[in-house]
Amino acid sequence: MAKPIVLIAEELSPATVEALGPDFDVRSIDGTDRAALLAALPDASAILIRSATHVDEEAIAAAKNLKVIARAGVGLDNVDVKAATTAGVMVVNAPTSNIISAAELTVGHILSLARFIPAAHDSLAAGTWKRSKFTGTELFEKTIGIIGLGRIGALITARLQAFGMNVVAYDPYVTATRAQQLGVTLLSLDDLLKTSDFITIHMPKTPETTGMISTDQLGMMKPSAFIVNVARGGLIDEDALYAALKSKRIAGAGLDVFVNEPPTDSPLLGLDNIVLTPHLGASTDEAQEKAGVSVARSVRLALDGELVPDAVNVAGGVIDPTVRPGIPLIEKLGQVFAGLAASPLTSVDIEVRGEIVEFDVSVLKLAALKGIFSNIVSESVSYVNAPLLAEQRGMTVRLVTDPVSEEYRNLLTIRGSLSDGSQISVSGTLTGTKQTEKLVEINGYDVEVPLASHLIVMIYKDRPGIVAIYGREFGEASINIAGMQIARTKAGGQALSVLTVDSPVPEAMLEKLRKAIDASLLREIDIVQ
(Lines give C-alpha, C1' and ligand atoms only; values in the text may rest on other atoms or scores of the structure.)
Protein backbone atom coordinates (compact mmCIF):
# COMPACT_ATOMS: atom_id res chain seq x y z
CA MET A 1 0.00 0.00 0.00
CA ALA A 2 1.31 3.45 -0.95
CA LYS A 3 2.29 5.68 1.92
CA PRO A 4 0.22 8.86 2.53
CA ILE A 5 1.89 11.89 0.95
CA VAL A 6 2.90 14.71 3.30
CA LEU A 7 4.00 17.99 1.73
CA ILE A 8 6.48 20.23 3.50
CA ALA A 9 5.93 23.58 1.80
CA GLU A 10 8.47 25.68 3.73
CA GLU A 11 11.77 25.15 5.48
CA LEU A 12 11.23 23.34 8.77
CA SER A 13 13.69 21.87 11.24
CA PRO A 14 15.12 18.36 10.66
CA ALA A 15 13.41 17.37 13.90
CA THR A 16 10.06 17.95 12.15
CA VAL A 17 10.77 15.26 9.57
CA GLU A 18 12.07 12.95 12.30
CA ALA A 19 8.83 13.45 14.24
CA LEU A 20 6.78 12.45 11.20
CA GLY A 21 8.59 9.11 11.12
CA PRO A 22 8.91 6.55 8.32
CA ASP A 23 5.21 5.97 7.64
CA PHE A 24 4.76 8.81 5.14
CA ASP A 25 6.02 9.81 1.71
CA VAL A 26 7.47 13.20 2.67
CA ARG A 27 7.92 15.63 -0.24
CA SER A 28 9.35 19.14 -0.13
CA ILE A 29 7.97 21.91 -2.34
CA ASP A 30 8.17 25.69 -2.49
CA GLY A 31 4.82 26.80 -1.11
CA THR A 32 5.33 30.33 -2.44
CA ASP A 33 5.44 28.95 -6.01
CA ARG A 34 1.70 28.95 -6.63
CA ALA A 35 1.78 26.71 -9.70
CA ALA A 36 3.97 24.13 -7.97
CA LEU A 37 1.74 24.19 -4.88
CA LEU A 38 -1.48 23.64 -6.83
CA ALA A 39 0.16 20.86 -8.86
CA ALA A 40 1.34 19.00 -5.74
CA LEU A 41 -1.81 19.30 -3.63
CA PRO A 42 -4.15 16.77 -5.37
CA ASP A 43 -2.08 13.81 -4.14
CA ALA A 44 -1.37 15.15 -0.66
CA SER A 45 -2.92 13.87 2.56
CA ALA A 46 -1.29 16.59 4.64
CA ILE A 47 0.63 19.83 4.17
CA LEU A 48 2.96 21.51 6.64
CA ILE A 49 3.46 25.26 6.27
CA ARG A 50 4.74 28.30 8.12
CA SER A 51 3.62 31.85 7.28
CA ALA A 52 4.58 32.30 3.62
CA THR A 53 2.39 29.60 2.03
CA HIS A 54 -1.25 30.57 1.48
CA VAL A 55 -3.68 27.67 1.69
CA ASP A 56 -6.84 29.41 0.53
CA GLU A 57 -10.13 28.21 -0.90
CA GLU A 58 -8.59 27.58 -4.33
CA ALA A 59 -5.79 25.47 -2.87
CA ILE A 60 -8.17 23.50 -0.67
CA ALA A 61 -10.46 22.81 -3.65
CA ALA A 62 -7.47 21.43 -5.56
CA ALA A 63 -6.49 19.12 -2.69
CA LYS A 64 -9.06 16.35 -3.12
CA ASN A 65 -7.29 13.94 -0.73
CA LEU A 66 -6.22 16.47 1.88
CA LYS A 67 -6.95 15.53 5.49
CA VAL A 68 -4.95 18.07 7.48
CA ILE A 69 -3.29 21.49 7.11
CA ALA A 70 -0.57 22.00 9.72
CA ARG A 71 0.73 25.49 10.49
CA ALA A 72 4.08 25.35 12.31
CA GLY A 73 3.32 28.41 14.41
CA VAL A 74 0.41 30.17 16.08
CA GLY A 75 -1.23 32.55 13.60
CA LEU A 76 -3.55 31.25 10.88
CA ASP A 77 -3.92 34.35 8.70
CA ASN A 78 -2.60 32.41 5.69
CA VAL A 79 -5.08 29.53 6.05
CA ASP A 80 -8.76 29.73 5.06
CA VAL A 81 -10.05 27.87 8.11
CA LYS A 82 -13.69 28.22 7.05
CA ALA A 83 -13.04 26.69 3.60
CA ALA A 84 -11.04 23.89 5.23
CA THR A 85 -13.85 23.14 7.67
CA THR A 86 -16.41 23.08 4.87
CA ALA A 87 -14.22 20.63 2.98
CA GLY A 88 -13.74 18.45 6.06
CA VAL A 89 -10.04 19.27 6.30
CA MET A 90 -8.55 19.57 9.77
CA VAL A 91 -6.43 22.62 10.56
CA VAL A 92 -3.83 22.36 13.32
CA ASN A 93 -1.27 24.77 14.70
CA ALA A 94 1.24 24.93 17.54
CA PRO A 95 -0.47 27.14 20.13
CA THR A 96 2.15 26.91 22.85
CA SER A 97 5.34 26.75 20.79
CA ASN A 98 6.28 30.43 21.08
CA ILE A 99 5.09 31.48 24.52
CA ILE A 100 8.55 31.47 26.11
CA SER A 101 10.04 33.27 23.11
CA ALA A 102 7.30 35.91 23.23
CA ALA A 103 7.74 36.41 26.96
CA GLU A 104 11.51 36.78 26.62
CA LEU A 105 11.16 39.26 23.74
CA THR A 106 8.82 41.32 25.92
CA VAL A 107 11.46 41.46 28.64
CA GLY A 108 14.02 42.38 25.98
CA HIS A 109 11.91 45.33 24.86
CA ILE A 110 11.47 46.49 28.44
CA LEU A 111 15.23 46.37 29.09
CA SER A 112 15.97 48.08 25.77
CA LEU A 113 13.62 50.93 26.67
CA ALA A 114 14.83 51.25 30.25
CA ARG A 115 18.51 51.42 29.26
CA PHE A 116 18.32 52.92 25.74
CA ILE A 117 20.26 49.93 24.37
CA PRO A 118 19.42 50.28 20.64
CA ALA A 119 19.93 54.07 20.60
CA ALA A 120 23.18 53.82 22.57
CA HIS A 121 24.50 51.21 20.14
CA ASP A 122 23.61 53.37 17.13
CA SER A 123 25.30 56.38 18.73
CA LEU A 124 28.50 54.47 19.47
CA ALA A 125 28.51 52.88 16.02
CA ALA A 126 28.30 56.39 14.56
CA GLY A 127 31.54 57.29 16.35
CA THR A 128 30.16 59.27 19.30
CA TRP A 129 30.55 58.72 23.03
CA LYS A 130 27.52 60.21 24.83
CA ARG A 131 27.17 58.42 28.14
CA SER A 132 25.13 61.14 29.81
CA LYS A 133 22.57 61.13 27.00
CA PHE A 134 21.65 57.52 27.76
CA THR A 135 21.12 57.59 31.50
CA GLY A 136 18.41 54.99 32.03
CA THR A 137 16.24 53.67 34.82
CA GLU A 138 16.40 50.48 36.90
CA LEU A 139 13.61 47.93 36.88
CA PHE A 140 14.15 47.22 40.58
CA GLU A 141 11.17 48.33 42.68
CA LYS A 142 9.37 49.73 39.63
CA THR A 143 5.80 48.66 38.78
CA ILE A 144 5.10 46.56 35.70
CA GLY A 145 1.48 46.51 34.55
CA ILE A 146 0.48 43.42 32.58
CA ILE A 147 -2.71 43.71 30.54
CA GLY A 148 -3.80 40.11 30.03
CA LEU A 149 -2.60 37.61 32.64
CA GLY A 150 -2.68 34.46 30.51
CA ARG A 151 0.17 32.02 29.97
CA ILE A 152 2.52 34.60 28.47
CA GLY A 153 1.54 37.16 31.11
CA ALA A 154 2.33 34.61 33.84
CA LEU A 155 5.75 33.87 32.31
CA ILE A 156 6.55 37.59 32.18
CA THR A 157 5.42 37.93 35.78
CA ALA A 158 7.92 35.33 36.98
CA ARG A 159 10.77 36.85 34.97
CA LEU A 160 10.19 40.42 36.10
CA GLN A 161 9.62 39.48 39.71
CA ALA A 162 13.20 38.20 39.55
CA PHE A 163 14.21 41.81 38.79
CA GLY A 164 12.46 42.90 41.98
CA MET A 165 9.56 44.52 40.16
CA ASN A 166 6.10 45.01 41.63
CA VAL A 167 3.59 43.29 39.30
CA VAL A 168 0.03 44.52 38.78
CA ALA A 169 -2.36 43.22 36.16
CA TYR A 170 -5.66 43.83 34.44
CA ASP A 171 -7.55 40.76 33.28
CA PRO A 172 -11.34 40.59 33.76
CA TYR A 173 -11.27 36.80 33.46
CA VAL A 174 -8.65 36.03 36.12
CA THR A 175 -9.79 35.34 39.68
CA ALA A 176 -8.23 36.94 42.74
CA THR A 177 -7.09 33.47 43.84
CA ARG A 178 -5.12 32.93 40.64
CA ALA A 179 -3.58 36.40 40.86
CA GLN A 180 -2.59 35.74 44.47
CA GLN A 181 -0.90 32.49 43.44
CA LEU A 182 1.19 34.47 40.95
CA GLY A 183 1.96 37.24 43.40
CA VAL A 184 0.10 39.79 41.29
CA THR A 185 -2.25 42.58 42.33
CA LEU A 186 -5.35 42.88 40.12
CA LEU A 187 -6.37 46.43 39.19
CA SER A 188 -8.86 48.09 36.89
CA LEU A 189 -7.39 49.09 33.52
CA ASP A 190 -7.48 52.78 34.45
CA ASP A 191 -5.68 52.20 37.76
CA LEU A 192 -3.06 50.05 36.06
CA LEU A 193 -2.36 52.74 33.49
CA LYS A 194 -2.05 55.43 36.16
CA THR A 195 0.28 53.52 38.49
CA SER A 196 2.60 51.51 36.20
CA ASP A 197 6.12 52.47 35.19
CA PHE A 198 6.13 49.87 32.41
CA ILE A 199 3.07 48.38 30.67
CA THR A 200 2.91 45.33 28.45
CA ILE A 201 -0.23 44.14 26.68
CA HIS A 202 -1.11 40.48 26.06
CA MET A 203 -4.76 40.40 25.01
CA PRO A 204 -6.47 38.64 22.09
CA LYS A 205 -7.40 40.86 19.16
CA THR A 206 -11.18 41.18 19.04
CA PRO A 207 -13.53 44.02 18.08
CA GLU A 208 -13.58 44.98 21.77
CA THR A 209 -9.79 45.01 22.26
CA THR A 210 -8.76 46.59 18.95
CA GLY A 211 -7.52 50.07 19.81
CA MET A 212 -8.11 49.46 23.52
CA ILE A 213 -5.05 51.60 24.26
CA SER A 214 -5.76 54.92 22.57
CA THR A 215 -5.56 58.65 23.33
CA ASP A 216 -7.51 58.54 26.60
CA GLN A 217 -5.59 55.54 27.94
CA LEU A 218 -2.18 56.90 26.94
CA GLY A 219 -3.17 60.16 28.63
CA MET A 220 -3.56 58.33 31.94
CA MET A 221 0.01 57.02 31.90
CA LYS A 222 2.89 58.63 33.76
CA PRO A 223 5.09 60.87 31.57
CA SER A 224 7.99 58.60 32.59
CA ALA A 225 6.19 55.37 31.63
CA PHE A 226 6.87 52.96 28.76
CA ILE A 227 4.45 50.67 26.91
CA VAL A 228 5.22 47.44 25.01
CA ASN A 229 3.15 45.35 22.58
CA VAL A 230 4.42 42.03 21.24
CA ALA A 231 0.95 40.43 21.14
CA ARG A 232 -1.24 41.63 18.24
CA GLY A 233 -1.00 44.62 15.95
CA GLY A 234 -3.75 47.15 16.55
CA LEU A 235 -4.28 46.63 20.28
CA ILE A 236 -2.57 50.00 20.62
CA ASP A 237 -3.96 52.78 18.40
CA GLU A 238 -0.84 53.61 16.36
CA ASP A 239 -1.91 57.17 15.53
CA ALA A 240 -2.57 57.90 19.20
CA LEU A 241 0.74 56.28 20.15
CA TYR A 242 2.63 58.40 17.63
CA ALA A 243 1.06 61.58 19.03
CA ALA A 244 1.90 60.57 22.62
CA LEU A 245 5.51 59.74 21.75
CA LYS A 246 6.04 62.77 19.53
CA SER A 247 4.81 65.14 22.25
CA LYS A 248 6.77 63.20 24.93
CA ARG A 249 3.45 62.57 26.71
CA ILE A 250 4.95 59.16 27.58
CA ALA A 251 8.62 58.22 27.71
CA GLY A 252 8.72 55.48 25.10
CA ALA A 253 7.28 52.37 23.52
CA GLY A 254 8.33 49.00 22.16
CA LEU A 255 6.45 47.30 19.31
CA ASP A 256 6.94 43.93 17.67
CA VAL A 257 3.55 43.88 15.91
CA PHE A 258 1.78 46.41 13.70
CA VAL A 259 -1.57 47.05 12.05
CA ASN A 260 0.08 46.72 8.64
CA GLU A 261 3.15 44.54 8.29
CA PRO A 262 5.70 45.54 7.25
CA PRO A 263 4.96 49.09 8.52
CA THR A 264 6.92 50.74 5.72
CA ASP A 265 4.99 54.04 5.76
CA SER A 266 4.45 54.30 9.51
CA PRO A 267 5.49 57.62 11.12
CA LEU A 268 6.56 55.57 14.14
CA LEU A 269 9.70 54.64 12.23
CA GLY A 270 10.97 58.21 12.50
CA LEU A 271 10.79 58.53 16.30
CA ASP A 272 13.76 58.24 18.62
CA ASN A 273 11.84 57.08 21.71
CA ILE A 274 10.54 53.80 20.33
CA VAL A 275 12.08 50.34 19.87
CA LEU A 276 10.74 48.40 16.89
CA THR A 277 11.28 44.77 15.87
CA PRO A 278 9.86 42.99 12.77
CA HIS A 279 7.41 40.57 14.41
CA LEU A 280 10.07 38.44 16.09
CA GLY A 281 7.90 37.00 18.87
CA ALA A 282 8.24 33.42 17.61
CA SER A 283 11.56 33.86 15.82
CA THR A 284 13.85 31.67 17.88
CA ASP A 285 15.39 28.35 16.90
CA GLU A 286 13.72 26.72 19.89
CA ALA A 287 10.25 28.05 19.08
CA GLN A 288 10.51 27.03 15.44
CA GLU A 289 11.64 23.54 16.37
CA LYS A 290 8.87 23.17 18.95
CA ALA A 291 6.33 24.32 16.38
CA GLY A 292 7.54 21.91 13.71
CA VAL A 293 7.67 18.91 16.03
CA SER A 294 4.26 19.77 17.50
CA VAL A 295 2.45 19.91 14.17
CA ALA A 296 4.28 16.82 12.88
CA ARG A 297 2.85 14.89 15.81
CA SER A 298 -0.60 16.34 15.07
CA VAL A 299 -0.31 15.20 11.45
CA ARG A 300 0.52 11.68 12.59
CA LEU A 301 -2.50 11.65 14.91
CA ALA A 302 -4.82 13.03 12.23
CA LEU A 303 -3.76 10.55 9.57
CA ASP A 304 -3.99 7.70 12.08
CA GLY A 305 -7.57 8.72 12.91
CA GLU A 306 -6.79 9.73 16.49
CA LEU A 307 -8.00 12.72 18.53
CA VAL A 308 -5.90 15.77 17.64
CA PRO A 309 -5.65 18.12 20.61
CA ASP A 310 -4.27 21.07 18.61
CA ALA A 311 -7.00 21.03 15.95
CA VAL A 312 -8.51 24.51 15.65
CA ASN A 313 -11.60 23.63 13.64
CA VAL A 314 -12.53 19.98 14.26
CA ALA A 315 -11.46 17.66 17.01
CA GLY A 316 -10.77 14.71 14.74
CA GLY A 317 -10.18 11.20 15.93
CA VAL A 318 -12.54 8.49 17.00
CA ILE A 319 -15.60 10.66 17.69
CA ASP A 320 -18.99 9.20 16.90
CA PRO A 321 -20.78 10.94 14.00
CA THR A 322 -23.70 11.58 16.36
CA VAL A 323 -21.45 13.63 18.65
CA ARG A 324 -19.46 15.50 16.01
CA PRO A 325 -22.13 18.13 15.08
CA GLY A 326 -22.28 19.18 18.71
CA ILE A 327 -18.64 20.30 18.69
CA PRO A 328 -19.07 23.57 16.76
CA LEU A 329 -22.38 24.21 18.56
CA ILE A 330 -20.90 24.03 22.06
CA GLU A 331 -17.85 26.05 21.00
CA LYS A 332 -20.21 28.86 19.99
CA LEU A 333 -22.21 28.45 23.19
CA GLY A 334 -18.91 28.87 25.01
CA GLN A 335 -18.35 32.19 23.27
CA VAL A 336 -21.86 33.36 24.22
CA PHE A 337 -21.30 32.20 27.80
CA ALA A 338 -18.00 34.10 28.08
CA GLY A 339 -19.59 37.18 26.54
CA LEU A 340 -22.20 37.24 29.30
CA ALA A 341 -19.69 36.92 32.14
CA ALA A 342 -19.28 40.20 34.01
CA SER A 343 -16.57 38.93 36.39
CA PRO A 344 -14.08 36.03 36.51
CA LEU A 345 -15.45 32.49 36.32
CA THR A 346 -14.89 30.25 39.32
CA SER A 347 -16.66 27.07 38.16
CA VAL A 348 -18.17 25.72 34.97
CA ASP A 349 -20.46 22.73 34.35
CA ILE A 350 -20.84 21.40 30.83
CA GLU A 351 -24.17 19.54 30.78
CA VAL A 352 -25.05 17.10 28.00
CA ARG A 353 -28.57 15.69 27.96
CA GLY A 354 -30.42 13.30 25.66
CA GLU A 355 -29.66 10.35 23.38
CA ILE A 356 -26.18 11.64 22.63
CA VAL A 357 -24.88 10.55 26.05
CA GLU A 358 -24.86 6.93 24.83
CA PHE A 359 -21.58 7.87 23.17
CA ASP A 360 -18.31 9.33 24.46
CA VAL A 361 -19.07 13.06 24.77
CA SER A 362 -15.87 14.09 26.59
CA VAL A 363 -14.77 16.09 23.55
CA LEU A 364 -17.74 18.43 24.16
CA LYS A 365 -16.18 19.48 27.46
CA LEU A 366 -12.97 20.40 25.63
CA ALA A 367 -14.89 22.20 22.88
CA ALA A 368 -16.89 24.21 25.42
CA LEU A 369 -13.71 25.37 27.17
CA LYS A 370 -12.14 26.19 23.81
CA GLY A 371 -15.13 28.39 23.01
CA ILE A 372 -15.09 30.07 26.42
CA PHE A 373 -11.43 31.06 26.14
CA SER A 374 -11.30 31.84 22.41
CA ASN A 375 -11.93 35.58 22.88
CA ILE A 376 -10.50 35.88 26.37
CA VAL A 377 -6.80 34.99 26.09
CA SER A 378 -4.11 36.21 23.72
CA GLU A 379 -2.70 32.79 22.88
CA SER A 380 -4.30 30.41 20.42
CA VAL A 381 -6.78 28.10 22.18
CA SER A 382 -6.98 24.41 21.37
CA TYR A 383 -8.38 21.22 22.86
CA VAL A 384 -5.10 20.57 24.65
CA ASN A 385 -4.53 23.94 26.32
CA ALA A 386 -8.13 24.92 27.13
CA PRO A 387 -8.24 22.76 30.29
CA LEU A 388 -4.85 24.19 31.31
CA LEU A 389 -6.20 27.72 30.89
CA ALA A 390 -9.10 26.84 33.17
CA GLU A 391 -6.78 25.29 35.75
CA GLN A 392 -4.49 28.34 35.70
CA ARG A 393 -7.46 30.57 36.44
CA GLY A 394 -8.56 28.45 39.38
CA MET A 395 -11.74 27.29 37.62
CA THR A 396 -13.32 23.96 38.51
CA VAL A 397 -14.79 22.22 35.47
CA ARG A 398 -17.22 19.29 35.38
CA LEU A 399 -18.87 17.29 32.62
CA VAL A 400 -22.45 16.31 33.59
CA THR A 401 -24.47 13.85 31.48
CA ASP A 402 -28.12 12.81 31.66
CA PRO A 403 -29.97 10.59 29.15
CA VAL A 404 -33.21 12.50 29.83
CA SER A 405 -33.89 15.67 27.83
CA GLU A 406 -37.50 16.71 28.23
CA GLU A 407 -37.93 19.33 25.49
CA TYR A 408 -35.26 18.53 22.92
CA ARG A 409 -33.76 15.37 21.51
CA ASN A 410 -30.37 16.55 22.77
CA LEU A 411 -29.53 19.62 24.83
CA LEU A 412 -26.12 21.17 25.54
CA THR A 413 -25.80 23.59 28.45
CA ILE A 414 -22.91 25.56 29.92
CA ARG A 415 -23.58 26.70 33.47
CA GLY A 416 -21.16 28.64 35.64
CA SER A 417 -20.52 30.59 38.82
CA LEU A 418 -18.73 33.93 38.86
CA SER A 419 -16.48 35.47 41.49
CA ASP A 420 -19.14 38.08 42.32
CA GLY A 421 -21.54 35.30 43.39
CA SER A 422 -23.75 35.43 40.29
CA GLN A 423 -24.52 32.54 37.95
CA ILE A 424 -25.01 32.37 34.20
CA SER A 425 -26.15 29.68 31.80
CA VAL A 426 -26.64 29.17 28.08
CA SER A 427 -28.16 26.21 26.27
CA GLY A 428 -28.31 25.14 22.66
CA THR A 429 -29.48 22.35 20.44
CA LEU A 430 -29.45 21.16 16.83
CA THR A 431 -32.81 21.11 15.05
CA GLY A 432 -34.22 19.78 11.79
CA THR A 433 -32.67 17.82 8.97
CA LYS A 434 -30.13 20.59 8.42
CA GLN A 435 -29.04 20.38 12.07
CA THR A 436 -29.51 24.13 12.57
CA GLU A 437 -27.62 25.47 15.58
CA LYS A 438 -30.00 27.23 17.95
CA LEU A 439 -29.65 29.10 21.22
CA VAL A 440 -32.56 27.92 23.38
CA GLU A 441 -31.88 29.31 26.87
CA ILE A 442 -30.04 32.20 28.53
CA ASN A 443 -29.95 32.57 32.31
CA GLY A 444 -33.20 30.65 32.70
CA TYR A 445 -35.08 32.50 29.94
CA ASP A 446 -36.43 30.19 27.21
CA VAL A 447 -35.64 31.39 23.68
CA GLU A 448 -35.13 29.76 20.30
CA VAL A 449 -32.77 31.81 18.15
CA PRO A 450 -30.44 30.57 15.39
CA LEU A 451 -26.83 31.29 16.34
CA ALA A 452 -25.40 34.10 14.25
CA SER A 453 -22.17 36.11 14.05
CA HIS A 454 -23.52 39.10 15.99
CA LEU A 455 -25.89 38.70 18.94
CA ILE A 456 -27.33 41.43 21.17
CA VAL A 457 -28.57 40.26 24.58
CA MET A 458 -30.63 42.66 26.71
CA ILE A 459 -32.39 42.32 30.07
CA TYR A 460 -34.74 45.09 31.20
CA LYS A 461 -38.06 45.69 32.96
CA ASP A 462 -40.93 44.51 30.80
CA ARG A 463 -43.03 47.52 29.70
CA PRO A 464 -44.62 48.87 26.53
CA GLY A 465 -42.55 50.70 23.95
CA ILE A 466 -39.14 49.06 24.51
CA VAL A 467 -39.06 47.28 21.14
CA ALA A 468 -39.88 50.56 19.42
CA ILE A 469 -36.94 52.25 21.15
CA TYR A 470 -34.28 49.80 20.14
CA GLY A 471 -35.84 49.23 16.72
CA ARG A 472 -35.52 52.95 16.05
CA GLU A 473 -31.94 53.11 17.36
CA PHE A 474 -30.78 50.26 15.15
CA GLY A 475 -32.65 51.66 12.16
CA GLU A 476 -31.07 55.10 12.54
CA ALA A 477 -27.64 53.45 12.74
CA SER A 478 -28.38 51.42 9.55
CA ILE A 479 -27.86 48.17 11.45
CA ASN A 480 -30.24 45.50 10.21
CA ILE A 481 -32.00 43.25 12.72
CA ALA A 482 -32.05 39.78 11.19
CA GLY A 483 -33.98 38.09 13.98
CA MET A 484 -35.42 38.76 17.42
CA GLN A 485 -37.08 36.98 20.29
CA ILE A 486 -38.32 38.21 23.67
CA ALA A 487 -38.76 36.08 26.78
CA ARG A 488 -40.01 37.16 30.20
CA THR A 489 -40.62 35.78 33.64
CA LYS A 490 -44.07 37.40 33.88
CA ALA A 491 -45.94 40.41 32.52
CA GLY A 492 -44.32 43.51 33.94
CA GLY A 493 -41.36 41.50 35.24
CA GLN A 494 -37.90 41.13 33.81
CA ALA A 495 -37.69 40.58 30.05
CA LEU A 496 -34.83 39.27 27.94
CA SER A 497 -34.43 40.17 24.27
CA VAL A 498 -32.05 38.37 21.93
CA LEU A 499 -31.36 40.04 18.59
CA THR A 500 -29.28 38.82 15.70
CA VAL A 501 -27.88 41.70 13.65
CA ASP A 502 -25.98 41.79 10.37
CA SER A 503 -23.03 43.91 11.50
CA PRO A 504 -21.13 44.84 14.67
CA VAL A 505 -22.65 47.55 16.86
CA PRO A 506 -20.46 50.46 18.05
CA GLU A 507 -19.95 50.59 21.81
CA ALA A 508 -21.20 54.18 21.94
CA MET A 509 -24.52 53.08 20.48
CA LEU A 510 -24.80 50.20 22.95
CA GLU A 511 -24.20 52.60 25.84
CA LYS A 512 -26.86 54.98 24.50
CA LEU A 513 -29.33 52.13 24.15
CA ARG A 514 -28.47 50.80 27.61
CA LYS A 515 -29.50 54.12 29.12
CA ALA A 516 -32.56 54.53 26.89
CA ILE A 517 -34.17 51.28 28.03
CA ASP A 518 -32.56 51.20 31.50
CA ALA A 519 -31.14 47.74 30.81
CA SER A 520 -29.65 45.73 33.65
CA LEU A 521 -27.73 43.77 31.01
CA LEU A 522 -26.89 44.74 27.45
CA ARG A 523 -24.10 42.93 25.64
CA GLU A 524 -23.00 42.45 22.07
CA ILE A 525 -21.50 39.00 21.55
CA ASP A 526 -19.52 38.42 18.36
CA ILE A 527 -19.20 34.74 17.52
CA VAL A 528 -16.23 33.50 15.53
CA GLN A 529 -17.72 31.00 13.13
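Q: Which residue of E8 does Val168 stand opposite?
A: In this predicted model, strand E7 (residues 166-170) and strand E8 (residues 185-186) pair in the parallel sense over two bridges. Within E8, the residue opposite Val168 is Thr185.

Q: Which residue in E7 is the bridge partner of Gly145?
A: Strand E6 (residues 143-147) runs parallel to E7, and five bridges join the two strands. In E7, the bridge partner of Gly145 is Val168.

Q: Which helix makes a right-handed β-α-β unit with E6 and E7?
A: E6 and E7 run parallel. They belong to a right-handed β-α-β unit, and the helix in this unit, residues 151-161, is H7.

Q: Which helix makes a β-α-β unit with E7 and E8?
A: E7 and E8 are parallel and share two bridges. Their β-α-β unit is right-handed, and its helix, residues 176-182, is H8.

Q: How many Å apart are the end C-alpha atoms of helix H12?
A: Helix H12 covers residues 285-303, which is 19 residues. At 1.5 Å a residue, H12 should therefore span 27 Å. The distance between its end C-alpha atoms agrees with this expectation: 27 Å.

Q: Which helices are included in what covers the buried residues of H12?
A: The buried residues of H12 include Ala287, Gly292, Val295 and Val299. What covers the buried residues includes strands E1 (5-8), E3 (44-49), E4 (68-71) and E5 (90-92). The helices included are H1 (14-20) and H5 (99-115).

Q: Which residue just after H12 takes a positive phi?
A: H12 comprises residues 285-303. Just after H12, a positive phi of about 80° is taken by Gly305.

Technical notes: Residues are numbered from 1 along each chain as its sequence is written. This is a predicted model: local features need pLDDT of at least 70, side-chain atom pairs count only at pLDDT 80 or more; totals for chains, interfaces and linings use all residues. Side-chain values use heavy atoms; hydrogens and water are left out. Helices (H or I, at least four residues) and strands (E, at least two) are DSSP runs, numbered from the N terminus. The expected span of a helix is 1.5 Å times one less than its number of residues. Buried means under 20% relative accessible area, exposed over 50%, partly exposed in between (1.4 Å probe, protein chains only). Contact means heavy atoms within 4.5 Å. Two strands pair if DSSP finds at least two bridges between them. A crossover is right-handed if, with the strands pointing away from the viewer, the path from the first strand over the helix to the second runs clockwise.
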